Amino acid sequence: DVATDYHIAASSLLRICHACSLLLQQRRLVKNAPAFVASAAQYALTVTLPMPHLDTNVCFWRKSPMRRETQTNLLFLIRRMCRIYSAATSSVQQSRGLVGIRTTAFACAACVADAIARVKCIDDPSPFSLHYSGLNEGPTRPFGFESGSFEKLAANLPIYDPQLTSLRFQCLDYMRGMTIKDDG
């Protein structure tokens, strides 16, 4: 289910990472192991982790105080889950639908990682996070990333699951919101 705090998010990701790693190691013993791993990793990236919101007062990842160790751990686990998902989806039969789902899952991971990286930690804020979020001392502005080819790719790839279609829209909305510049 959806994480309700940072500890549950990290714990869920860690348990799913361990289960997926074990299942991939036993792929000779378990029929369709990569498909099971892909499904579990997709669930972790698209359901377990709440999508970020542009409003920091509403955003799950930025509305509560976060410690630096939590921030680092969450970013590490998201990276690990993306690697597992990439390995698992490259081991199953490819289709246009799978490409659409895979790009949406990776976009969700990118948006969540972006929101986590923007958090100013309460105990020891990292210079990277301060600079990335635009909260560093001096004349600096926040960085962002553009949806780029994901927007064009998303428009041409079929996704028949309404939840994933909604997530794709939320990712595009978040990415567009992060790239808006002060000068228009």
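In the predicted model, T56 lies in the loop that links helix 2 (33-48) to helix 3 (68-89). The relative accessibility of T56 is 38%, so the residue counts as partly exposed, a class that falls between the buried limit of under 20% and the exposed limit of over 50%. When neighbours within four places in sequence are set aside, the contacts of T56 are with R62 and K63. A separation of 64 residues in sequence lies between T56 and K120, whereas their C-alpha atoms are 12 Å apart in space.

The chain as a whole contains seven helices and zero strands, and its order along the sequence is α-α-α-α-α-α-α. The radius of gyration is 17 Å, close to the 16 Å given by the globule rule for 184 residues, and the chain is therefore as compact as a globular protein of that length. The C-alpha trace spans about 55 × 35 × 25 Å along its principal axes. Of the contacts between residues at least 6 apart in sequence, 73% join residues at least 24 apart.

Burial and surface composition were computed for the chain. Of the 184 residues, 42% are buried.

Notes: Residues are numbered from 1 along each chain as its sequence is written. This is a predicted model: local features need pLDDT of at least 70, side-chain atom pairs count only at pLDDT 80 or more; totals for chains, interfaces and linings use all residues. Side-chain values use heavy atoms; hydrogens and water are left out. Helices (H or I, at least four residues) and strands (E, at least two) are DSSP runs, numbered from the N terminus. The radius of gyration is taken over C-alpha atoms; the globule rule is 2.2 Å times the number of residues to the power 0.38. Buried means under 20% relative accessible area, exposed over 50%, partly exposed in between (1.4 Å probe, protein chains only). Contact means heavy atoms within 4.5 Å.
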